[in-house]
Structures are given as C-alpha cells and as structure tokens.
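Biologist: Please show me the model, and then we can go through it by question and answer.

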Amino acid sequence: MIVLGIETSCDETAAAVVDDHRRILSNVIYSQLDEHKAYGGVVPEIAARAHLDILDGVIRQALSDADLEVADLDGVAATAGPGLIGGVIVGAMTAKAIAAVRGLPFIAVNHLEGHALTARLTDDVAFPYLLLLISGGHCQFLSVEGPGRYRLLGATLDDAVGEAFDKCAKMMGLGFPGGPAVETAAASGNPKRFAFPRPMKGRPGCDLSFSGLKTSVRKTIIDLPGATLSGQDSADIAASFQTAVADVITDRCAHAVAEFDQIHPNGKTLVVAGGVAANTELRESLSMLCTLVGFRFIAPPPKLCTDNGAMIAWAGIERLRLGLTDRMDFAPRPRWPLEELRGAAA
Ligand code: KG4
Ligand code: ZN
C-alpha cells in the first residue's frame, strides 16, 4: 500500500510518499522562511498563496524522488485541519482533485494525528502509549489508543510551548522560527543566570502553563541595563528559559506518566511529537525521566518532529488500512481537537 501525503497547515509546503512497510519513499519539505521573515511570524494569507504557488511542484518532486507515478498510489492523504484555514483548503482540495481524477481513496488527516502516529512510522510503537504533543499551536498529554482514539490527560491553560519559544525569540531579536534560534543561542549561555518561574510545577494533574514564564522573560529583558541585549545576555536568557521549559515539562510529564499508568499499566511508553520535540535539552530531560520510571522513550528524528508530509502519508496509511476513508465533501476545518476524531471501534 502506497500513499501520498500532503501537508499545508502552517508555513511548510510538504509532500511525501510512504508505504505500509514503514518506508519513506520521498519526503519533500519547502519551508516558507523568506516569505514570512519580514513579519516576524507566519502571515496566514501569504502562507495560503505560497502553498497555492508551489504545492504542485512539491508533489511532482515527491513522486519523482520516489520514482513513482500517480497511477502507483493507493490513496491520497492531506491535512484537513487544524491549522491556518487558507493553507489547509489548498492542500485538501489538491488531494481531493488527484483522488477524484484517478478514482483513489481520499483520506482527510488531522494534523495532530499525523504528529501522534509518527512514532509508529519511525519506531513501530504499539498502542497504547502516552503522547506529549508539543508544537507551535498545541501542547497536550494524550493517551493514544488507536487511530482516531485519543484520551486527553492534560493540556496548556494558555500558550503552547512552541509559541512561548517563538515569542521569547522575538523579544530577544533572535528571528523566526524561534525554537531552533533559542536552542542555538542557549548552547553558549549560562542556564543558571536567570531564575525564571516554573509555572504549574508540583501541582496535581498534568496541565501546563507558559504565559507567566514568557512575561518573566519580557520583564528580565526590560530590566537589563542598555538599550540592546548583548550576545551573552541573549545566550543566558535563552539557556535559562530553555532549562525552565525542560524542567517544567518534565515535572508535568511525571504526573502524566502516573495517570497513564493507572489507565494502561502495560503501556509503559512515552512518545514526544511536534516541532518542540526537536529540542535536545528537552529530549534528554524526558529520556532521563523515562529511565527513572521504567518507561520506554521514543522521540522521532527532529526532521520528522517538525511539520512534514511523511507523517500525513503515514496517518493516511493507518486509516486506509482500517477503511477509514473520507468523502469528497469533507470540509477542511481550522479547529479540530483529537478527541473529536472518528476511529475504528475498540
Ligand atoms: O509541529 P510544528 O513544525 O508546527 C506546528 O504544528 O505548530 O512546530 C513548530 C514549533 C515552532 O513553535 C518552533 O519554534 C518549534 O516548533 N520548534 C522548536 C525547535 N524546533 C522547532 N522549539 C524548540 N526547540 C527546537 N529545536
Ligand atoms: Zn505540526
């Protein structure tokens, strides 16, 4: 079974071809960095137009890298939400058009399910597992029980952690996207120089919060003498911020592990997914926690943590195998919580 996956929900225009033996036959990602740089963040209208301009070429490239033609495909999957709706419409309509012309099944993939199931593509992880989904727009703990079968254990009360990385990077003048920029700056910084708060640390449950931490970074920057931050100041703020994030997420994760253990005592696996899962300090901290609590720790390679088409193709395969295909009138949606997904019966 071979599926084409299309991802256009944010600022990556991506297409990939994956088969049901967990082989990534191609994975083409065009990041719209130059298009949005001047604005310090993703501009939805510009993103949608850029997807429209380049998606055809990206799909053609994905097919040619895989040495395949549309006739070789068994299905076409596309992100149908959640995300910036203009881009989602471009991707979903393109997938529907290819599927309609070729008489192929169309699979409307939830972008978050793409992230959630990536560990099954990379590491063949069995259900159920505990998932920490951390991206630019989402931050939650889920019990993953099957395609379309998710139980929410905890989530951020305010900002997503990726958003906190992006906003702090912007305050420090580090550019966009902020996560990788903060990580690079932090490498030469002193994580002990600033004692940033650890919101929600030690509280019962596994909800998270990042807005207080962000405010504290802003206050620190304002209080430092001089009109501009020195390179060392930036590095120290980045390192102190990153350590605070890793500390607080690891604490919340320990609580999530305990909750998940109650529901699925034999699961014993933590998977991280989403763009922020590319962060090395966080991965190391979570890996140490897993060793302590006797959980297996699975973190897909960084390139498959940030948005890509392979994860959408794979989620398409998982759904296609179960007969979970979608009709041509499936409406793309900006908001689409994982708990509202349709899955196979337990
Ligand atoms: O999953 P993703 O590519 O797109 C969304 O679905 O949101 O995640 C993007 C987010 C951005 O906020 C970006 O700053 C963050 O992931 N990110 C990182 C790193 N790489 C990407 N955050 C921290 N460290 C990184 N290395
Ligand atoms: Zn994403």
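This is a predicted model: local features need pLDDT of at least 70, side-chain atom pairs count only at pLDDT 80 or more; totals for chains, interfaces and linings use all residues.

Modeller: Residues are numbered from 1 along each chain as its sequence is written, and side-chain values use heavy atoms, with hydrogens and water left out.

Biologist: How many disulfides does a search of the whole structure find?

Modeller: A disulfide is a pair of cysteine sulfur atoms within 2.5 Å. The sulfur of Cys10 is 16 Å from the closest cysteine sulfur, in Cys305, so this pair is too far apart for a bond. For the whole structure, the number of disulfides found is zero.

Biologist: Is Cys290 buried or exposed?

Modeller: Buried means under 20% relative accessible area, exposed over 50%, and partly exposed in between (1.4 Å probe, protein chains only). Cys10, at 26%, is partly exposed. Cys290 has a relative accessible area of 0% and is buried.

Biologist: Which residues are the protein donors of the zinc ion (ligand 2)?

Modeller: Donors are N, O and S atoms within 2.8 Å of the metal (3.2 Å for Na, K and Ca); water is not among the atoms, so sites may look incomplete. Along the chain, the donors of the zinc ion follow the spacing H-x3-H-x191-D. At 2.1 to 2.2 Å from the zinc ion, the protein donors are His111 (NE2), His115 (NE2) and Asp307 (OD).

How values were computed
Chains are lettered from A and ligands numbered from 1 in the order in which they are written.
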